[in-house]
Amino acid sequence: MNKTEFQNNRYQEDEIDLRELFETIWDKKVFIVLFTMIVTIASIVYVVLKNPTPIYQGKIYMEIGQIQNKNFVPVIIENVNDLVGILKIELKVDASILKGTTKLLEISFDNEDKKLITNKLNQVKDFIIEKHKNQSLFYENVILSKQIGNIIILDEPINKPKKRLIVTVAFVTGLILSIFIAFLLNFFREEKNKPLSA
């Protein structure tokens, strides 16, 4: 057998395999459509019924104050990384240094009650200001820590389910799974129908 004949035979085998694949899918089209529809409808019911208690996020920004050392060089009242750790442990809030800054803190708190968020963030602000007042008592030149802007509370809940994404993923998963099951059933049927060798 020369190279051209070999390639032709291989091409014909591939063509037959593809034809068989499409025939299997076509034979099981009702099952594939029904299975995909059931999975998609189940996901729609899930996202409609899933109505979690909305959780909102509030944020406050704080600028850490400065003191002058003996050489009249301004120094931050407190190491900002240490303060981040203290806020996380003592007040159970998320805190981080604002990107690109050295003394600006972003503090956030999540809860279902917006009033409680406001109270918590005001408590954090008071805690920082009082702490830094005490740490800078013996310095003459002090710029105290202060709040930057107002407390921001997002209107949209942060735990809102992504309904379209869930339904789309369910549809695609249902379709792929139904095709896989169709091929599996076809395989078992062919194995069952094979004559037993003596």
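Visitor: How do the residues of the lining of the largest pocket divide into nonpolar, polar and charged?

Guide: Glad you asked! This is a predicted model, and in it the lining divides into two nonpolar, two polar and six charged residues. The closest to the pocket's centre include Glu 20 and Glu 190, and Glu counts as charged. Leu 21 is also among the closest, and Leu counts as nonpolar. The pocket's volume is about 160 Å³.

Visitor: Which helix gives the most to that lining?

Guide: That is α1, with six residues. Helix α5 (163–193) also supplies at least two.

Visitor: What span is expected for α2, and what does the helix reach?

Guide: Helix α2 (residues 29–49) has 21 residues. The expected span is 1.5 Å times one less than that number, which gives 30 Å. From first C-alpha to last, α2 reaches 30 Å, so the value is close to the expected one.

Visitor: Why are the buried residues of α2 said to line one face?

Guide: The buried residues are Ile 32, Thr 36, Thr 40, Ser 43 and Val 47, with buried meaning under 20% relative accessible area. Seen down the axis of α2, they fall within an arc of 55°, so they line one face of the helix. The face turned away carries Val 30, Ile 38, Val 48 and Leu 49, called exposed because each has over 50%.

Methods:
Residues numbered from 1 in each chain as written. Predicted model: local features only at pLDDT ≥ 70, side-chain atom pairs only at ≥ 80, totals over all residues. Heavy atoms only, no water. 1 Å grid on protein atoms, 1.4 Å probe; cavity = no way out; pocket = protein on both sides within 12 Å on 5 of 7 lines; lining within 4 Å. Points joined across faces, edges and corners; volume = space filled by probe spheres on them. Helix = DSSP H or I, 4+ residues; strand = E, 2+ residues; numbered from the N terminus. Buried < 20%, exposed > 50% of the residue type's maximum accessible area, 1.4 Å probe, protein only. Arc of directions from axis to C-beta.
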